[in-house]
Amino acid sequence: DDDVTYTNSVFEEFVRNRQIISQRLAALNPNSNGFAAPDSFGTVYNDGYGGTQQEVLTAAFLAAYSGKSANNVDLDPFIKVPKPNWRITYDGLSKIPLFKKIFNNVSISHGYRSTFNINSYGRNLLYTEENGFASTRDFSQNYLARKEIGQVSISEQFSPLLGVDVTWKNNIQTRVEFKKDRNLSLSFVSTQLTEVKGNELVIGFGYRIPKFDLPMKLFGRKKSKAVPAGGNSLNLTADLSIRKNVTIVRKMLEGINQPTAGLNVFSLKAAADYAVSDRLNVRLFFETTSNTPVISTSYPTTNTTAGVAIRFSLAQ
């Protein structure tokens, strides 16, 4: 996004795609005749398929945000064949002799997930046809669509875009992940696009002490009678997360891109888990989250939690 105007090249492509989709839809409908009057930006669309018509907006939106050409994108938003998501994990580095001397395990991961959602739809009771094609118009002189849709959305996450998980020879575990996500909601009522996107960096640490004896008594005894497999283990974990997300409302009729919300989030989580016995586990934890708003209309906040959690299992 532009730092001043918050304009975005993909959104601008979405806006331009509307003319191409308008031409394609008008070519399929013999009831469409010529061109409509120019809109407030001087853009001319085909008769009955203006820049705010539901079918025009949907196809233009899907073309821009799925990386397709507006000339051949499917005009039907009800996708019949889903596209695959994926997750790739590679741990072959730990088998290379050079890395074997340093690491017990090295895992590199990458994942992507995306969903397209039509929140709700129903048959438009005012819809009629002439010669087998749409003929009823709304107040803007656009043809009514057979199926009335309120909102469509796309949600996608690189989770992670790149992640590296390493177990060292001394049993220390380190983890670094970089994540990206974006949620897009197109409303046909207000003719605006709400875009929420974020970047997150996660750094994790872990260490397991397999046979750890407390220097003091716990619950009346120093060592438990029922020692869990591998001895009384102490697991130490810590995660540092830095995340930035911003919400931008893009209004097509007004030509405005406006940030409405956003946070810079700093989070630190640390915990120590101790297996007293095969049924009793004690956990010490500390968590703090600091939220700094991107826009000046909100206040920064910090939440801190610390305590002790005791878990007793009744299972045999």
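Guide: Buried means under 20% relative accessible area, exposed over 50%, and partly exposed in between (1.4 Å probe, protein chains only). This is a predicted model, where local features need pLDDT of at least 70, side-chain atom pairs count only at pLDDT 80 or more, and totals for chains, interfaces and linings use all residues. Residues are numbered from 1 along each chain as its sequence is written, and side-chain values use heavy atoms, with hydrogens and water left out.

Visitor: Is Arg 250 buried or exposed?

Guide: Arg 250 pairs with Glu 195 in a salt bridge (a side-chain nitrogen of Lys or Arg within 4 Å of a carboxyl oxygen of Asp or Glu). For Arg 250 the relative accessible area is 0%, so the call is buried.

Visitor: Which residue forms a salt bridge with Arg 137?

Guide: Arg 137 is partly exposed, at 29% relative accessible area. The N to O distance is 2.9 Å, and the residue is Asp 47.

Visitor: Which side chain does Asn 142 join in a polar contact of 3.4 Å?

Guide: Asn 142 counts as buried because its relative accessibility is 5%. A polar contact is a pair of N or O atoms within 3.5 Å; within protein, one must be able to donate a hydrogen and the other to accept it, and residues adjacent in sequence count only if both atoms are side-chain atoms. Here the side chain at the other end belongs to Thr 52.
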